[in-house]
Amino acid sequence: MKKLVSVTEVEDEGLVALLGEKVMLFCMNWVYAGVLVGVNDSFVQLDDAKLVFDTGKPAAPTFAEAEPLPSPWYVHAAAIESFGKSGR
């Protein structure tokens, strides 16, 4: 049996480390993109937010299909399945 015997807390990891960056949030039903400007236990806040219907090729400079959302836009943190920095 393998057991976890120690836990180390790392400051400024995950979403907090991406504050001020362009990000993509892959959620249960939708993909959101924008500048991450706020993070708490319940929600993340995006400025210049977009609802992405088709990301297109990963290396493309723009999304194949995306619609702007009003700023600020809030996404429930529990709905986020994965996230990362985006150049688009």
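Mentor: Let's start with a term: a residue is buried when its relative accessible area is under 20%, exposed when over 50%, and partly exposed in between, using a 1.4 Å probe and protein chains only. A salt bridge needs a side-chain nitrogen of Lys or Arg within 4 Å of a carboxyl oxygen of Asp or Glu. For charge, Lys and Arg count as positive, Asp and Glu as negative, and His and the chain ends are left out.

Keep in mind that this is a predicted model, where local features need pLDDT of at least 70 and side-chain atom pairs pLDDT 80 or more, while totals for chains, interfaces and linings use all residues. Numbering starts from 1 along each chain as its sequence is written, and side-chain values use heavy atoms, without hydrogens or water.

Now find Arg-88, in the segment after strand E6 (80–85); strands here are DSSP runs of at least two residues, numbered from the N terminus. Arg-88 is buried but has no salt bridge. The nearest side chain of opposite charge belongs to Asp-54, 7.6 Å away.

So what does lie close to a polar atom of the Arg-88 side chain? The backbone oxygen of Thr-55 does, at 2.5 Å, and the backbone oxygen of Thr-62 lies 3.2 Å from a polar atom of that side chain. Beyond four places in sequence, Arg-88 touches residues including Lys-22, Lys-57, Pro-58 and Phe-63, where contact means heavy atoms within 4.5 Å.

Asp-54 leads us to the strands. Asp-54 stands opposite Glu-65 in E4, and 4 bridges join E3 to strand E4 (residues 65–68), running antiparallel. Strands pair if DSSP finds at least two bridges between them. E3 (residues 43–54) is also joined to strand E2 (residues 31–39) by 7 bridges, again antiparallel, and E2 and E3 form a hairpin with 3 residues between them. Another 4 bridges join E3 to strand E5 (residues 73–76), antiparallel too, with Phe-43 opposite His-76.

Finally, the nonpolar cores: sets of buried Ala, Val, Leu, Ile, Met, Phe, Trp, Tyr and Cys residues joined through side-chain atoms within 4.5 Å. The largest has 15 residues, and Leu-25, Tyr-32, Leu-46 and Val-75 touch the most other members. E3 gives the most to this core, with 4 residues. Apart from it lies another core, of 5 residues, among them Met-24, Val-31, Val-52 and Phe-63.

Terms used. Polar contact = N/O pair within 3.5 Å; in protein donor to acceptor, adjacent residues only side chain to side chain.
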